[in-house]
Structure formats: structure tokens, C-alpha cells
Amino acid sequence: VLAAVLAGCGAGFAKGPEDSCGAVPFQILIGQPGAVAEALEFDRPKRVIPEGSAVTMDFLPERINFDLDAADRIARIYCG
């Protein structure tokens, strides 16, 4: 089901400097369970960050980050 939802996500979204990792099409996943982000496979780095977790401050423009909230739902998706 997830693959079907995401199959058309890239249509109409250009990857620009502010979206160097391709995060824009995945914004539709905000509010979904964190397990959805965990299950995604990319050919670039990915980080799923539970609320309150310590993370490194290194910036990798090609890395996609999924911030989870206290309810273990995707709250933010961004590059870095």
C-alpha cells in the first residue's frame, strides 16, 4: 500500500537546493506511524529520530531525516 501511495509522489516536485535529499514528496507521511519511515529504503542516508533522542549535528545535504513526536508519529521530514 505504501509503495502505491509513494509511486506518484515525485510527480511535480523539483529537487532544489533546499530539498537536496528529496524530502518534499514525502511530506504526505507527516502524521503516519514512525514504522513507516523505518520501512522506507533509500539509496542515500536516512535518519529516523525519536523525540528526545540525541543526534549528531553533522549536516549531510543528501540525508533525509524523519523526526518523530512523543506518540511515535512522523512530525517533520527534512534534509540534513
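**Reading the disulfide and the salt bridges**

Reply: Gladly! A disulfide joins Cys21 to Cys79, with an S to S distance of 2.1 Å. Please keep in mind that this is a predicted model.

Me: How many disulfides does the structure hold?

Reply: The structure holds one disulfide.

Me: Which parts of the chain does the pair Cys21 and Cys79 tie together?

Reply: To read this, look up where each cysteine sits. Cys21 lies in the loop between helix H1 (2–7) and helix H2 (34–39), while Cys79 is in strand S3 (residues 74–79), so the pair links parts that are 58 residues apart in sequence.

Me: Is the disulfide of Cys21 and Cys79 left-handed or right-handed?

Reply: Here you look at the torsion about the S-S bond. For Cys21 and Cys79 that torsion is about -85 degrees, so the disulfide is left-handed.

Me: Are Cys21 and Cys79 buried or exposed?

Reply: The cut-off to remember is that buried means under 20% relative accessible area. Cys21 has 0% relative accessibility, so Cys21 counts as buried. Cys79 has a relative accessible area of 15%, and so is buried as well.

Me: What share of the chain counts as buried?

Reply: Of the chain's 80 residues, 34% count as buried. The accessible surface of the chain comes to about 4,900 Å², and 60% of that surface belongs to carbon and sulfur atoms.

Me: Now to salt bridges. What is the general idea?

Reply: Side chains of opposite charge can pair when their charged atoms come close. The structure holds three salt bridges.

Me: Which residue pairs with Asp43, and how exposed are the two partners?

Reply: Arg44 and Asp43 meet through their side chains in a salt bridge, at 3.5 Å from N to O. Arg44 has 23% relative accessibility and so counts as partly exposed, whereas Asp43, at 77%, counts as exposed.

Me: What does Arg63 pair with?

Reply: Arg63 forms a salt bridge with Asp58, and their closest N and O atoms are 3.5 Å apart. Arg63 counts as buried because its relative accessibility is 6%. Asp58 is partly exposed, with a relative accessible area of 36%.

Me: Which residue does Asp67 meet in a salt bridge?

Reply: Asp67 meets Arg76, side chain to side chain, at 3.7 Å from N to O. With 16% relative accessibility, Asp67 counts as buried, while Arg76, at 45%, counts as partly exposed.

Me: Where is Asp67, and what else does Asp67 touch?

Reply: Asp67 is placed in strand S2 (residues 64–68). Leaving out residues up to four places away in sequence, Asp67 touches Ile49, Arg73, Ile74, Ala75, Arg76 and Tyr78. With Tyr78 there is also a polar contact between the two side chains, at 3.4 Å.

Me: Is Asp72 buried or partly exposed?

Reply: Asp72 has 42% relative accessibility, so Asp72 counts as partly exposed.

Conventions: Residues are numbered from 1 along each chain as its sequence is written. This is a predicted model: local features need pLDDT of at least 70, side-chain atom pairs count only at pLDDT 80 or more; totals for chains, interfaces and linings use all residues. Side-chain values use heavy atoms; hydrogens and water are left out. Helices (H or I, at least four residues) and strands (E, at least two) are DSSP runs, numbered from the N terminus. A polar contact is a pair of N or O atoms within 3.5 Å; within protein, one must be able to donate a hydrogen and the other to accept it, and residues adjacent in sequence count only if both atoms are side-chain atoms. Contact means heavy atoms within 4.5 Å. Buried means under 20% relative accessible area, exposed over 50%, partly exposed in between (1.4 Å probe, protein chains only). Accessible areas come from the Shrake-Rupley method with a 1.4 Å probe; for residues, only the protein chains shown count as cover. A disulfide is a pair of cysteine sulfur atoms within 2.5 Å. A salt bridge is a side-chain nitrogen of Lys or Arg within 4 Å of a carboxyl oxygen of Asp or Glu.
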